[in-house]
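Student: Please take me through one part of this model in detail. I want a single site, treated closely.

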Amino acid sequence: MAKNFDEMEDSNRSGNPSIHEVSDPARRLWLRGGAGAAVAGWFGPSLAALGGLGALAGCATAPGASSSAAPGGSRLGFTAVPPSKADTLVVPEGYVAEVIAPWGEPIGVPGRMPAWRRDAGNSADEQAVQTGMHHDGMQFYPLEGSSTHGLLVMNHEYTDEGLLHGPGASADSPAGVRKSQASHGVSVIEVELKDGRWQMVRPSRLARRFTAFTPFRVSGPAAGHALMRTAFDPEGRTVLGTLNNCASGRTPWGTYLSGEENFAFYFSGGEQTTKDQARWGLPKKAFYPWPNHDARFDASRHPNEFHRFGWVVEIDPMDPTSTPVKRTALGRAAHEGAWVAVTRDGRAVVYSGEDARFEYIYKFVSRDRIAPAGNGLTAAQANRELLDHGTLYVARFDADGTGRWLPLVQGQGPLTAANGFADQGEVVMKTRQASDLLGATRMDRPEWLAIDSDSRWVYCTLTNNTQRGQPGRPGPDAANPRAENAMGQIIRWQEDGDFDGVTMRWNHLLLTGDPANSRPEARGNVKGDFFGCPDGLMFDRRGVLWIQTDAHATQMNKGEFERIGNNQMLACDLATGEVRRFLTGPVNCEITGAAMTPDQSTLFINIQHPGETPSDISKPDAPQLYSSWPDYQPDGRPRSATVVIRRRDGGVVGT
Ligand code: FEO
Ligand code: CA
Ligand code: CA
């Protein structure tokens, strides 16, 4: 997400001790050498012929590049693309990129497939069965193990109201708010590689949308809690909608986890916000006009509705009749997403960061082991309560390179009724306040995590934090070592024992930035192609770490970002530390949503908010001021979209 939610979310005024010990990046870098270099199960290249691929909308191949095997034994077998300021997507020569499922396409619900209107004139009802706006986290679910047929499940994080509404339509109206709500949430689409191209399968019995008005069941310690009950839901067990869904994870039991990130900005708190509300950044006035036409989002009248967002939601994409669930045991936070590791004895460990300045990193350890499918139940059904029972922790990174997971358990330490935590429901609803009391480490905006299941190192992008070290704000510490951190870093840790360990060792994979910058804090130490603002992360099956970036339109291509170019996707060979630029995106977009087919021959990514204006809201009368990607139609508008990337010879992407 690049909307200026990022700039606003800075509500941690806790007095947590800052370590104030600037780490030595050189010491922390490569502490374990090629720690993450283990090669996970090699999948040989698909031999499927990929002929017949023509020029594709808005995508180009870098001139002079080659996809031959890389020199020097690197596992990165493509030639880097250069930084770009062009309004197109560029991939290495030898690769092809296809746009599918842009915002507004009918997803294929049988009997309800309204065509996209280039003037954005689709109604809210139509939008509710079309792909949402601003695609983000995404996972691929093979159908019967296939690498040519499956489901793509993706988040739609937020809306640009200046692009969303058609001629004569107002965002600040009941219909406008309904359309905005229908554009949020999650899409399930069926896709297939057919006749040489990936395409949506429509109609599909599995096609499904989740929006800001879809009913979700609440489970875990906050279900039915007094602070979850509202005029709309006196039982406190059913919430209408999910929103600001950012990154996503895929569970070993086949479900989809999605984080509700910047939920606070959909609510209006009015003039009299409480201390607890302020800790969550509840604004006086919502960033969207939703409270004007949907009373749920007026927190001055319905304060408990605010407690019903900020959860990790779980969706079973294979069962179109399943009810999605808000898993409150994982804690309420501005969750970027949620990622699952498995302990040696088969329990689930869910890692999650909170993308806001000076907020925290969490993990949840399930009480029970992951159950296999059987007795007439799918794996998803057999694990329908797995994430409701377990222990939630928050991370403290100490200056000596060790760390500790602090239990967020009612009755332990300061988490008592006297301090505002009468039961575990209150602890999970007030995860931030509880973490403040425990002295957790205030991080530089934790975004995605990726787990190397072979080396057992866990990686997390800390995208940036320009407030670090500003007057009155926390200074640098070991884990967040740079003041006015515009560029970000990638931290990693290995638990002592197993993924459920309560102590760890940590270091930085890298600090991002351009080595030519005059300000030392903006230079970084990237070996290879430099970049800024890491966000998306994904391990492929070879153990190559893919990194996606999200610098904001206000920064891109100027100042310290002048040479970095548009947002991009890079690959890091952990054996050598080399980072190589794989693709660059169109103007003012973010690159996000990485997923691959089991045979690794297809990479799916999302291009989010191409053409976003520095002020965030596009002008309805000039929607293409910055970008026309991917349609380039004179009467069109930029659209977030999924892009499918393959090698022309059908080989493994990245080799
Ligand atoms: Fe939605 Fe933190 O990016
Ligand atoms: Ca981001
Ligand atoms: Ca993100």
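About how many Å³ of space lie in the second largest pocket?

Tutor: About 340 Å³ of space lies there, in the second largest pocket. Its lining has 14 residues, and Lys 275, Asp 276, Arg 279, Gln 433 and Asp 436 are the closest to the centre. The model is predicted: local features need pLDDT of at least 70, side-chain atom pairs need 80 or more, and totals for chains, interfaces and linings use all residues. Residues are numbered from 1 along each chain as written, chains are lettered from A and ligands numbered from 1 in written order, and side-chain values use heavy atoms, without hydrogens or water.

A pocket here is an open set of points on a 1 Å grid over the protein atoms alone, where a 1.4 Å probe fits, with protein on both sides within 12 Å along at least five of seven lines; lining residues have an atom within 4 Å of a point.

Two helices (DSSP runs of H or I, at least four residues) each supply at least two lining residues: H6 (275-279) and H10 (431-438). H6 gives the most, with four. By class, this lining has six charged, five polar and three nonpolar residues.

Now set the largest pocket beside it. About 980 Å³ of space lies in that one. There, 35 residues form the lining; Gln 139, Arg 250, Ile 451, Met 538 and Phe 539 are the closest to the centre. Strands (E runs, at least two residues) contribute here, including S4 (135-142), S11 (245-250) and S27 (534-539). S22 gives the largest share, five residues. The class counts for this lining are 21 nonpolar, eight polar and six charged.

How values were computed
Grid points are joined across faces, edges and corners, and a volume is the space filled by probe spheres set on the points. Ala, Val, Leu, Ile, Met, Phe, Trp, Tyr, Cys and Pro count as nonpolar, Asp, Glu, Lys and Arg as charged, and the others, Gly among them, as polar.
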